[in-house]
4 protein chains.
Amino acid sequence: MNRNFASDNTAGAAPEILEAVAAAARGRAMPYGNDDWTRRASQRISEIFERDCAVFPVATGTAANTLGLSLLTPPWGSVYCHQHAHIILDESSAPELFTGGARLIGLAGEAGKVSATALEAALAGSGKGDVHHVQPAALSLTQLTEWGSAYSLEELGALTEVARRHGLKVHMDGARFANALVGLNCSPAEMTWKAGVDVLSFGATKNGCLAAEAVVVFDPALAESLPFRRKRAAQLFSKMRIVSAQLEAYLQDGLWLRLARRANDMAGLLAEGLESLAGVELVAPVHGNELFVRLPAKMAGGLKAAGFLFYPWTFGGEGVYRLVTAFDSEREEVEAFIACARGFEE
Amino acid sequence: MNRNFASDNTAGAAPEILEAVAAAARGRAMPYGNDDWTRRASQRISEIFERDCAVFPVATGTAANTLGLSLLTPPWGSVYCHQHAHIILDESSAPELFTGGARLIGLAGEAGKVSATALEAALAGSGKGDVHHVQPAALSLTQLTEWGSAYSLEELGALTEVARRHGLKVHMDGARFANALVGLNCSPAEMTWKAGVDVLSFGATKNGCLAAEAVVVFDPALAESLPFRRKRAAQLFSKMRIVSAQLEAYLQDGLWLRLARRANDMAGLLAEGLESLAGVELVAPVHGNELFVRLPAKMAGGLKAAGFLFYPWTFGGEGVYRLVTAFDSEREEVEAFIACARGFEE
Amino acid sequence: MNRNFASDNTAGAAPEILEAVAAAARGRAMPYGNDDWTRRASQRISEIFERDCAVFPVATGTAANTLGLSLLTPPWGSVYCHQHAHIILDESSAPELFTGGARLIGLAGEAGKVSATALEAALAGSGKGDVHHVQPAALSLTQLTEWGSAYSLEELGALTEVARRHGLKVHMDGARFANALVGLNCSPAEMTWKAGVDVLSFGATKNGCLAAEAVVVFDPALAESLPFRRKRAAQLFSKMRIVSAQLEAYLQDGLWLRLARRANDMAGLLAEGLESLAGVELVAPVHGNELFVRLPAKMAGGLKAAGFLFYPWTFGGEGVYRLVTAFDSEREEVEAFIACARGFEE
Amino acid sequence: MNRNFASDNTAGAAPEILEAVAAAARGRAMPYGNDDWTRRASQRISEIFERDCAVFPVATGTAANTLGLSLLTPPWGSVYCHQHAHIILDESSAPELFTGGARLIGLAGEAGKVSATALEAALAGSGKGDVHHVQPAALSLTQLTEWGSAYSLEELGALTEVARRHGLKVHMDGARFANALVGLNCSPAEMTWKAGVDVLSFGATKNGCLAAEAVVVFDPALAESLPFRRKRAAQLFSKMRIVSAQLEAYLQDGLWLRLARRANDMAGLLAEGLESLAGVELVAPVHGNELFVRLPAKMAGGLKAAGFLFYPWTFGGEGVYRLVTAFDSEREEVEAFIACARGFEE
């Protein structure tokens with residue numbers, strides 16, 4: 001039985017994805033994305049987003065985020081994001097590399113969400129037009145946030161309105177896009193371009209693929225340089241069909257939503273179970289497949305001793321942990337976790 | 001029947017590789033290379049090279065080449081290579097990106113091989129130590145070369161001796177490493193570090209993998225910065241086991257050599273068949289799985305009309321084409337090509 | 001009469017500097033720093049700092065800061081500085097450009113000084129050794145700070161001790177080095193390498209030169225790459241003697257200290273005069289030639305109406321302004337400012 | 001008596017320039033180019049070029065060239081230039097740094113001039129639109145070339161026509177712009193934008209300034225990003241008036257043309273004298289202030305022994321040397337050189 005609640009990237013791949021890869025790997029096909037899988041995956045994404053998008057499959061979230069951002073900021077620009085955003089905390093200086101030296105500026109905000117007030121304040125002092133200062137260029141929002149919460153459509157709209165008013169483009173880091181979508185119960189279009197998003201890092205790896213992400217650009221004119229940027233970033237795969245086949249299968253017959261729903265349901269179950277325990281406290285709302293909980297020290301220790309894996313979340317303060325479920329999480333795993341925790345109830 | 005002789009990157013993947021990926025994708029494992037597949041693949045490479053190597057799986061040849069080079073040159077350095085090298089002609093300005101701005105300098109040489117004389121001449125005028133000039137830092141050799149030939153061990157030794165004498169480090173672009181190895185019938189160690197190579201781009205994608213390459217650093221001290229460089233280059237895969245499992249299976253029980261031998265044998269057969277035709281001329285020696293042939297215009301046209309795919313090789317002059325076989329090439333495909341060509345014999 | 005208190009960079013040049021330039025510009029000399037002026041300026045700096053330093057004249061403070069930092073951090077490293085530091089707020093993304101993409105991390109602290117506590121806290125959560133995170137590489141301290149205060153020798157020692165313990169190198173932005181030195185009344189050595197500083201941006205432009213700064217590296221081994229970096233940064237002047245002659249004259253017979261003392265004295269006079277006025281408050285200690293004062297709105301308006309130039313200092317809150325004196329400030333200018341202010345006393 | 005014929009950058013500054021600097025350095029002025037000198041210099045350049053130009057003073061030729069090029073190529077672009085161009089041979093990898101990693105491609109051509117045939121051939125094989133290849137973006141021409149010759153207006157027109165037809169922008173490295181202009185006896189407009197040049201590095205340092213160059217952009221819309229690029233490149237001087245005052249004085253009352261004419265005349269005299277000697281051969285036409293001559297070994301040795309300074313020009317072959325005159329060269333120096341050479345006539 002799986003006892004790993006450390007991250008959804010510890011999961012393997014969904015069987016449907018593996019079958020698609022095996023099928024795609026048979027026989028010959030033209031390289032570098034001039035293949036049917038890539039065409040179909042691209043078309044499928046446009047359908048799902050109800051708009052002709054420019055779609056660029058890549059193989060890591062870091063590549064998707066940094067290539068996406070490179071479309072939105074010059075090397076002397078700045079990108080606003082939450083101070084705990086993955087792009088500012090967990091991607092080394094890849095954003096600087098792929099943007100040619102732009103700067104990330106971290107903003108405070110509850111539950112991992114950029115606060116519109118903090119954004120306005122930062123922009124007010126940003127020195128737009130003054131060559132001495134980095135120039136406000138983009139806003140990057142993570143959906144699900146790094147605290148497991150989802151921006152509501154209203155929150156997204158309010159933030160992108162501020163951005164638009166100040167001439168910023170908007171990027172969405174959708175490493176857990178499907179989990180947020182299922183959590184909000186809205187359409188992909190509503191959660192992105194209809195809410196003011198220009199470029200999306202569409203994540204699929206965490207939710208059942210092997211290694212498949214896509215940069216989705218809602219205004220194709222904005223993506224003109226991306227073919228060159230992707231090649232130069234060493235993300236143009238010769239056997240691109242292998243990446244694209246994953247995306248195609250992922251989006252086939254709602255597989256992606258089923259996988260995300262499973263993960264979210266298990267997170268919900270886990271949250272419900274843990275909340276009922278004395279001394280346990282959720283420190284952020286659970287909108288997807290991540291929980292942030294304060295656990296009594298004995299309980300945390302006991303769970304670890306029982307072989308459960310999970311990381312402390314230092315930004316939450318002493319005793320706060322992150323628990324993540326995945327597309328393959330089983331009810332019995334969650335119940336085992338809760339049962340074990342209950343044994344250490346205060 | 002496959003009629004695609006355009007490139008070995010139009011082939012899919014070997015069944016053994018696909019099985020390994022499917023097996024690795026089951027269940028949970030720690031991410032980012034902290035997994036057993038990565039450890040085993042790394043160890044296996046060290047065994048095969050008879051030396052403790054630092055091994056960094058990545059997913060494209062461009063990533064392997066440019067990350068490897070970034071260890072060998074400062075941003076104000078220069079990398080000498082053949083004027084038709086893949087790194088200078090086919091990787092956009094990825095080398096500049098990942099080295100921080102170093103410069104590639106293309107040298108002439110027969111059959112795709114850097115000429116030691118040209119290298120000596122370039123180094124004599126390089127202005128070493130003079131801040132106005134880019135500083136000679138590395139030599140990059142492609143094995144198989146872009147003209148399908150292999151450097152002999154003596155040629156490698158002579159070139160790396162020049163390099164060493166001038167303080168250059170040596171990189172080998174081994175996108176078709178196995179094909180060259182089988183062609184030369186020597187050991188991996190002999191073709192690399194024993195011949196003076198410091199860093200190898202160990203290619204596996206073209207020879208039956210999905211997307212798997214490795215930067216192999218023969219002196220691990222030289223690789224100290226590579227973990228950071230790889231992450232920053234967006235090449236640190238969360239589900240790294242998927243890449244590593246390919247490498248492990250590739251190197252298991254000599255699979256890689258069997259696959260390369262098949263490709264080379266088919267190239268040999270093709271060369272033999274074509275050479276016997278009037279008006280056909282090989283313009284470079286065939287040491288691996290690539291042929292460079294001058295075809296009469298009618299023959300080239302006839303082959304294309306029959307559905308065979310292959311590219312002109314403009315560096316060879318008018319009427320010269322590149323033909324590439326792969327690990328999955330079939331004898332009947334080759335024979336069909338020759339038979340078709342024979343129909344257009346002059 | 002000068003009424004410009006906006007910045008010391010609005011001043012021209014000291015006559016001694018101009019004479020030296022005119023003298024140096026006569027006749028022929030070898031270019032690119034192979035000249036006697038450069039040798040003498042370099043030697044003079046070593047004498048003043050009581051140590052063999054590697055000295056690199058450049059022509060802007062941004063060049064000195066960013067080239068200096070480029071010696072101390074890899075492209076995946078981070079540089080800690082005060083959140084109001086010039087390098088993070090006023091140099092566009094030049095630091096990213098010249099370091100190859102390293103990241104600046106701004107820390108809080110009173111009166112423009114990095115707080116040792118904030119530094120320790122940042123380092124504790126920095127993820128040293130973890131490839132996902134930028135790697136702590138350097139600490140940059142501004143002396144005078146951007147709030148006009150000077151770190152005491154004890155404060156410098158305490159901060160560099162933290163840095164050293166965590167493996168950070170230390171940079172000092174000495175755009176107003178002479179003003180701080182005069183303010184502290186210590187030796188150049190005491191305020192730099194004896195206090196744990198590795199690389200100094202030695203500023204001379206603001207204090208009476210035309211355009212002359214120098215990167216001073218206290219351990220010459222650390223500067224090995226700097227000749228190449230400077231050339232590549234377009235800061236190797238063909239007629240380098242023009243820059244070096246400024247530095248030589250600046251350091252001749254204590255000119256630099258006399259110039260700084262004048263500026264500091266005038267700032268002291270200004271502070272004294274303003275402090276005596278009702279409603280005026282100094283918001284940071286005055287250790288050099290800058291004052292940060294809260295002025296009643298009417299007083300600020302009246303001064304501006306009278307033609308006095310000065311900027312608001314938004315980090316100080318509503319109604320706070322920066323006033324700067326220079327090497328050429330006259331007592332009557334200061335007295336005129338105070339007299340005018342007095343007319344608007346609350 | 002000056003015996004230095006090594007380079008015009010060994011000369012000092014013209015008295016008029018020094019006076020202008022001294023005058024500009026008096027009193028207060030707003031920094032960073034918000035001053036009258038900068039406004040006037042900019043306006044003067046527009047007048048001289050008979051067109052509203054965007055003008056950006058900088059302090060080194062490397063800065064002017066690389067910032068100019070950065071406007072014309074994306075990081076994945078290529079810049080064609082002569083294989084002996086200063087930008088490819090003498091500026092380290094500054095072009096890569098300031099363009100974000102674009103590539104220079106050196107072309108052959110007689111007497112330092114890019115051959116239109118070589119340019120056409122290079123463009124034909126450049127792979128425009130193919131992401132694997134660097135994308136042809138710009139052509140850079142040096143006027144005077146590095147071989148001392150000047151492109152005629154017809155040659156310029158023919159080359160820029162090729163460039164325009166292939167979508168390339170055109171840069172001119174005018175480090176010795178005035179010398180070429182005087183040599184061609186045409187107007188600044190004719191030699192630049194009327195001939196198809198988009199961006200000019202307008203050099204003044206070599207011809208009597210201390211350190212003053214300007215990026216001149218003939219279509220100001222093309223320069224939109226240059227204010228940010230210049231600041232980020234550490235070339236925005238706080239006391240910018242010092243650089244601008246040089247440019248203003250340089251262009252006042254035809255000073256620049258007088259200075260260049262003197263240098264050219266002296267070069268003409270030198271050429272005439274040397275040509276008359278047995279065994280001496282000019283290897284390139286003399287259109288400005290540089291000579292490239294083959295000298296008998298004894299003559300070269302004798303001149304050096306007599307204290308004359310000059311460099312071998314290895315691209316010219318054995319025994320070829322470069323001789324450079326400057327704005328301050330005296331007739332007696334030239335005559336002394338010739339007389340000395342005559343003593344070693346074969």
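Between chain A and chain B, 34 residue pairs are in polar contact, both residues of each pair having a pLDDT of 80 or more, and the structure in which they occur is a predicted model. On the side of chain A that touches chain B, helices α1 (15–24), α3 (61–70), α5 (94–99), α10 (226–232) and α11 (241–251) of chain A each supply at least two residues. The most comes from α5(A), which gives four residues to that side. Sorted by class, the side of chain A that touches chain B holds 26 nonpolar, 16 polar and eleven charged residues.

Two salt bridges are counted between chain A and chain B. In a salt bridge between A:Asp328 and B:Arg28, the closest N and O atoms lie 2.9 Å apart. The contact draws on 53 residues from chain A and 53 residues from chain B, and the area buried between these chains is about 4,100 Å², with carbon and sulfur atoms giving 55% of it. Of the area that chain A buries against chain B, 22% is supplied by A:Arg28, A:Arg232 and A:Lys239, more than by any other three residues.

| Item, chain D and chain C | Value |
|---|---|
| Residues in contact | 53 residues of chain D, 53 residues of chain C |
| Buried area | about 4,100 Å², 55% on carbon and sulfur atoms |
| Salt bridges | two salt bridges |
| Polar contacts (both at pLDDT 80 or more) | 35 residue pairs |

For chain D, the residues of the side that touches chain C divide into 26 nonpolar, 16 polar and eleven charged. A salt bridge joins C:Arg28 to D:Asp328, and its closest N and O atoms are 2.9 Å apart.

Within chain A, four strands form an open sheet in the order β8-β9-β11-β10, with antiparallel pairing. Its edge strands are β8 (281–282) and β10 (311–312) of chain A, each of which pairs on one side only. Strand β10(A) runs antiparallel to β11 (residues 320–324) of chain A, and the two are paired over two bridges; A:Pro312 has A:Tyr321, in β11(A), as its bridge partner. Helix α12 (residues 255–275) of chain A packs on this sheet, where the helix touches β8, β9 (290–294) and β11 of chain A, and its direction makes about 15° with that of β9(A).

Terms used. Residues are numbered from 1 along each chain as its sequence is written. Chains are lettered from A and ligands numbered from 1 in the order in which they are written. This is a predicted model: local features need pLDDT of at least 70, side-chain atom pairs count only at pLDDT 80 or more; totals for chains, interfaces and linings use all residues. Side-chain values use heavy atoms; hydrogens and water are left out. Two strands pair if DSSP finds at least two bridges between them. Contact means heavy atoms within 4.5 Å. Axes are lines fitted to C-alpha atoms, for helices over the stretch in contact, and angles run from 0 to 180 degrees between N-to-C directions. Buried area is the accessible area (1.4 Å probe) that two parts lose on being put together, summed over both. A salt bridge is a side-chain nitrogen of Lys or Arg within 4 Å of a carboxyl oxygen of Asp or Glu. A polar contact is a pair of N or O atoms within 3.5 Å; within protein, one must be able to donate a hydrogen and the other to accept it, and residues adjacent in sequence count only if both atoms are side-chain atoms. Ala, Val, Leu, Ile, Met, Phe, Trp, Tyr, Cys and Pro count as nonpolar, Asp, Glu, Lys and Arg as charged, and the others, Gly among them, as polar.
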